[in-house]
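User: I have a model open and would like to know what stands behind the terms used to describe it. Please set each value against its cut-off.

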Amino acid sequence: MREDTRTRIQEIALRLFIEQGYEATSLREIAEELGVTKAALYYHFKTKDDIVASLVEQRQQQLEELLAWLKTQPKTPETRRELVHRYADTMLGSSHHKVAHFLERNQTALRDHPTLTRIREVMLEMVGELSAGDDALEVRLARSMALFSLHASKWFTQNEDLDEREVHEAALKVALRLLEP
């Protein structure tokens, strides 16, 4: 029951943060939408920052695990392809798109949030691991864009009536082409 309530708080908070903005949404509004007292909400989350951290901690963990794996692998085309497949799979069928939308809409308010700062650091490190230091700039840029193209596919197709799997497969093809320019 506790996890159901926690999940429901996260869902409502995420929706309100997207609709109204992070700064304009209060814990009181989240509690009212949930139909509980503010004190009941405090049992699960003391602050809005705690809610944000809970929304992105799974993504942070996924990225940390991918980076740890990547660091143990040789810098080969096969490793880069495997990383792109693994990275894309973390985005499929999850709430990642909604969380990313929330983060994109609230960049200023969340710019210095510690969990998000760590995610940015991990992403930059992961992108750095995709190339060798002597690779040409255009090669390094293309490889970094491979990961970001997976995110872009969600934005560019959001108003189209497409199956998530169809978008996933198309984005994966584009990302894999960018890996070896």
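User: What makes the crossing of H4 and H8 left-handed?

Analyst: This is a predicted model. A crossing is called left-handed if the near helix is turned anticlockwise from the far one by less than a right angle. H4 passes H8 in that left-handed sense.

User: Why are H4 and H8 called roughly parallel?

Analyst: Helix H4 (residues 48-71) and helix H8 (residues 114-129) pack at an angle of about 20°, and their axes are 9 Å apart. Angles under 35 degrees count as roughly parallel, so H4 is roughly parallel to H8.

User: Which residues make the contact between H4 and H8?

Analyst: From H4 they include Val52, Val56, Leu63 and Leu67, and from H8 they include Leu116, Ile119, Val122 and Met126. Charged residues also take part, among them Glu64 and Lys71 of H4 and Arg118 and Glu125 of H8. Sorted by class, the contact has 12 nonpolar, two polar and five charged residues.

User: Which residues have the most contacts inside the largest nonpolar core?

Analyst: They are Ile30, Ile51, Tyr87, Phe102 and Met126, in a core of 45 residues. Elements that give two or more residues to this core include helix H1 (2-20), helix H5 (77-91) and helix H9 (137-156). H4 gives the most, with nine residues. As background, nonpolar side chains in soluble globular proteins tend to be buried together.

User: How do you know whether His151 is buried or exposed?

Analyst: The cut-off for buried is under 20% relative accessible area. His151 has 18% relative accessibility and therefore counts as buried. His151 lies in helix H9. Leaving aside neighbours within four places in sequence, the contacts of His151 are Arg59, Tyr87, Met91 and His96.

User: And why does Ala142 get the label it has, buried or exposed?

Analyst: The 20% limit applies here too. The relative accessibility of Ala142 is 11%, so Ala142 counts as buried. Ala142 is also part of helix H9.

User: What is in contact with Ala142, apart from neighbours within four places in sequence?

Analyst: Leu178 and Pro181 are in contact with Ala142. The C-alpha atoms of Ala142 and Ala175 are separated by 9.0 Å, while the two residues are 33 residues apart along the chain.

Conventions
Residues numbered from 1 in each chain as written. Predicted model: local features only at pLDDT ≥ 70, side-chain atom pairs only at ≥ 80, totals over all residues. Heavy atoms only, no water. Axes fitted to C-alpha atoms, helices over the stretch in contact; angles between N-to-C directions. Helix = DSSP H or I, 4+ residues; strand = E, 2+ residues; numbered from the N terminus. Parallel < 35°, antiparallel > 145°, perpendicular 65-115°, else oblique. Contact = heavy atoms within 4.5 Å. Core = buried A, V, L, I, M, F, W, Y, C linked by side-chain atoms within 4.5 Å. Buried < 20%, exposed > 50% of the residue type's maximum accessible area, 1.4 Å probe, protein only.
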